[in-house]
Amino acid sequence: MGNAHPNRLLLAGIFMFGLLFSGLVRAEFQPFIEGAALPGDVTASAETAREKLVAEGFEVVGDYVPTEGVRVLVVTNDTLLDTAARSSRGGYGAVLSVALEQTENDTRVSYQHPQYVAHGYRLESDNEPVFQAMARALGATGYFGAEPISSTNLRTYQYAFGLETFEDPVDLGGFDSFNAADRQIASRADNGELGTELVYRVRIPGRDQVVYGVGMHTDDPNANGAALVEAVDVDAPRGYAFLPHPVLLDGSEAETLSLRFRMALFFPDLPMMGGDASFFKLRKAPDAINKLMLEVVDGEIEQEEQSSGGGFGTF
């Protein structure tokens, strides 16, 4: 018993040394981390991943299938919730997505980089303890999604001059009260007629703030989560951990992040034009998603929203 504590410290030291040696602890960050692949199909792998995450103190608050052969688990924990409560519009950073993608030989595991999320969403923490816990749970074999970006640049991220930043959300309307808004959004988000699914609902402690994850399954590829990812990412593991789409209720006002900010944040190396994968392919998506989220929330808009007039084509 007397040696248990030193042994734990030794194991923790070895773990962190391994991350340092492999380049996984850095001053620059990439959007996604690849975990250790799991044997078997995606259904069995999702249960294995769930058990590993719960063992590290995470709560699985969402679980959905954006497309055949893919599962997305959404997790939170006390650290993420505490940071969200201390951060302006921190609900966006209260959860992390984990993607499981079945291939011919195994199931690839990937997840949002907790530190990338912290800086991109301007949280009052760098999420390093969350990064360590995720790496223990799922492994951390490498980064992908973009060339490394510094924390400073992430906290002021803008794909191109004149485009939205984190401080330029899409207004989804207001309500008479927080409780009325919460009931309506949760109900309408889980709406088969609109082609949407409520993947998660997470209340931020001590605040009248809720973040919802909306799965988009519409027939329009411009407002379909899996189609968006597959339009810009072709090799496994793909960035399915970008999903689902977030909606934030803060007090009695609802908003979402512009796709021109959020998708560019998680796929920043995509060119504007040319090639098989570019933002030009998604030029109609920002308006399509804004329209869908407005229908989901159905809040009262004081002034008519102005169309972007060209989506990603206006970069």
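Colleague: How many helices and strands are there in the chain?
Modeller: The chain has 10 helices and 13 strands. Both are DSSP runs numbered from the N terminus: helices are H or I with at least four residues, strands are E with at least two. This is a predicted model, where local features need pLDDT of at least 70 and side-chain atom pairs count only at pLDDT 80 or more, while totals for chains, interfaces and linings use all residues. Residues are numbered from 1 along each chain as its sequence is written, and side-chain values use heavy atoms, with hydrogens and water left out.

Colleague: Okay, and what share of the residues count as buried?
Modeller: Of the 315 residues, 53% do. Buried means under 20% relative accessible area, exposed means over 50%, and partly exposed is in between, with a 1.4 Å probe and protein chains only.

Colleague: What about contacts, what share join residues at least 24 apart?
Modeller: Among contacts between residues at least 6 apart in sequence, the share is 72%. A contact here means heavy atoms within 4.5 Å.

Colleague: Let's zoom in. Where does Arg-71 lie?
Modeller: Arg-71 is in strand S4, which covers residues 70–76.

Colleague: Is Arg-71 buried or exposed?
Modeller: Arg-71 is buried, because its relative accessible area is 12%. Its side chain makes a polar contact with the side chain of Asp-63 at 2.7 Å. For that term, a pair of N or O atoms must be within 3.5 Å; within protein, one must be able to donate a hydrogen and the other to accept it, and residues adjacent in sequence count only if both atoms are side-chain atoms. Not counting residues up to four places away in sequence, Arg-71 also touches Val-42, Tyr-64 and Leu-100, among others.

Colleague: Switching topic: where is His-113 found?
Modeller: His-113 sits in the loop between strand S6 (107–112) and helix H4 (114–120). His-113 is buried, with a relative accessible area of 0%.

Colleague: And which side chain does the side chain of His-113 make a polar contact with?
Modeller: That would be the side chain of Tyr-143, at 3.4 Å. Leaving aside neighbours within four places in sequence, the residues in contact with His-113 include Phe-29, Phe-32, Phe-131 and Tyr-143.

Colleague: You mentioned Phe-131. Which residues of helix H5 are buried?
Modeller: H5 runs over residues 128–138, and its buried residues are Val-130, Phe-131, Ala-133, Met-134, Ala-135, Ala-137 and Leu-138. Just after H5, Gly-139 takes a positive phi of about 85 degrees.

Colleague: Which residue has a positive phi although it is not a glycine?
Modeller: One of them is Arg-122, with a phi of about 55 degrees. Arg-122 is in the loop between H4 and H5, and counts as partly exposed because its relative accessible area is 24%. Another is Asp-298, also with a positive phi of about 55 degrees, in the segment after H10. For background, most residues other than glycine have a negative phi, and most peptide bonds are trans.

Colleague: Which peptide bond is cis, then?
Modeller: The one from Ala-236 to Pro-237 is, with omega near -5 degrees. The bond from Leu-243 to Pro-244 is cis as well, with omega near -5 degrees. Pro-237 lies in the loop between helix H8 (225–232) and strand S12 (245–250), and Pro-244 is also found between H8 and S12.

Colleague: What is the C-alpha separation of Phe-144 and Pro-237?
Modeller: It is 8.7 Å, although the two are 93 residues apart along the chain. Phe-144 belongs to strand S7, residues 142–144, and is buried at a relative accessible area of 15%.

Colleague: Now H9. Why is H9 described as largely enclosed by the rest of the structure?
Modeller: Because eight of the eight residues of H9 are buried. They include Arg-260, Arg-262 and Phe-266. Ser-258 caps the N-terminal end of H9, with a side-chain oxygen 3.1 Å from the backbone nitrogen of Arg-260.

Colleague: Last one: at what angle do H7 and H10 pack?
Modeller: Helix H7 (178–189) and helix H10 (285–297) pack at about 120 degrees, with axes 8 Å apart. Axes are lines fitted to C-alpha atoms, for helices over the stretch in contact, and angles run from 0 to 180 degrees between N-to-C directions. H7 and H10 are therefore oblique to each other: under 35 degrees counts as roughly parallel, over 145 as roughly antiparallel, 65 to 115 as roughly perpendicular, and the rest as oblique.
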